[in-house]
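Q: Please take a close look at one residue and its surroundings. Then place that residue in the wider chain.

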Amino acid sequence: MDRNLYAGNKLLDAWLSLTSTLWNTRLVTSMTYNEAHVLGLLLHHQDRPMTATDLIARTHLLKSQMNKLLTALEDKGYITRERAQADKRRIEIRLTAQGEAAYREEHRGVDAILSRLLDQLGEERALHIAGEINAVIAALDSILPPV
């Protein structure tokens, strides 16, 4: 077998195994994975307002999926959508206090799992793995067509 093909298949196998493990294990229970992901992005980017386009770029969801998701989060009172003052065409999405509280409550279980994972891997190794995963994501973003 071609060495590049072998390495590519090993990478794909590891990636699929990781994502399957995370997807099939309900890390969040009171909201969907995508809801938690979007709330987390909004929480960690409160220094600047985000738009649906920003969130689509970060989550790789389809526009129709994102619109449905944002409507559900708005209906729950977790986010607000407001027209930007400087550019009326731009809709800014902000996390509400209720949304932040719901996310933090849900994330407590994830934090417990991460703590146990760090106990097993060690902080230095975990940071190295995170850097490598981010390098794979960056490479894929440069190869794959935009969603």
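This is a predicted model: local features need pLDDT of at least 70, side-chain atom pairs count only at pLDDT 80 or more; totals for chains, interfaces and linings use all residues.

A: A polar atom of the T59 side chain lies 2.8 Å from the backbone oxygen of L55. T59 belongs to helix α3, which covers residues 52-59. The relative accessible area of T59 is 14%. Buried means under 20%, so T59 counts as buried.

What does T59 touch beyond its neighbours within four places in sequence? The contacts are H37, V38, L41 and M66.

Helix α2 spans residues 33-44 and also holds E35. E35 is buried, with a relative accessible area of 5%. E35 forms a salt bridge with K76, and the closest N and O atoms are 3.0 Å apart. K76 sits in the loop between α4 (63-75) and β1 (79-83), so the pair ties together parts 41 residues apart in sequence. K76 is partly exposed, at 34% relative accessible area.

D54 forms a salt bridge with R48, with 3.7 Å between the closest N and O atoms. D54 is partly exposed, with a relative accessible area of 22%. R48 is also partly exposed, at 39%.

Shared partners join R90, E92 and R94 into one network of salt bridges. R90 is partly exposed at 32% relative accessibility. E92 is buried at 13%. The whole structure holds eight salt bridges. Side chains of opposite charge can pair when their charged atoms come close.

The chain has six helices and two strands. From the N terminus, the order is α-α-α-α-β-β-α-α. The C-alpha trace spans about 55 × 35 × 25 Å along its principal axes. Of the 147 residues, 23% count as buried; T59 is buried, and E35 and E92 are buried as well. Among contacts between residues at least 6 apart in sequence, 50% join residues at least 24 apart.

L140, I143 and L144 make a nonpolar surface patch of about 290 Å². L144 lies in the segment after α6 (123-143).

Methods
Residues are numbered from 1 along each chain as its sequence is written. Side-chain values use heavy atoms; hydrogens and water are left out. Patches are made of residues with over 30% relative accessible area and no salt bridge: like charges are joined within 9 Å, nonpolar side chains (Val, Leu, Ile, Met, Phe, Trp, Tyr) within 5 Å. Accessible areas come from the Shrake-Rupley method with a 1.4 Å probe; for residues, only the protein chains shown count as cover. A salt bridge is a side-chain nitrogen of Lys or Arg within 4 Å of a carboxyl oxygen of Asp or Glu. Helices (H or I, at least four residues) and strands (E, at least two) are DSSP runs, numbered from the N terminus. Buried means under 20% relative accessible area, exposed over 50%, partly exposed in between (1.4 Å probe, protein chains only). A polar contact is a pair of N or O atoms within 3.5 Å; within protein, one must be able to donate a hydrogen and the other to accept it, and residues adjacent in sequence count only if both atoms are side-chain atoms. Contact means heavy atoms within 4.5 Å.
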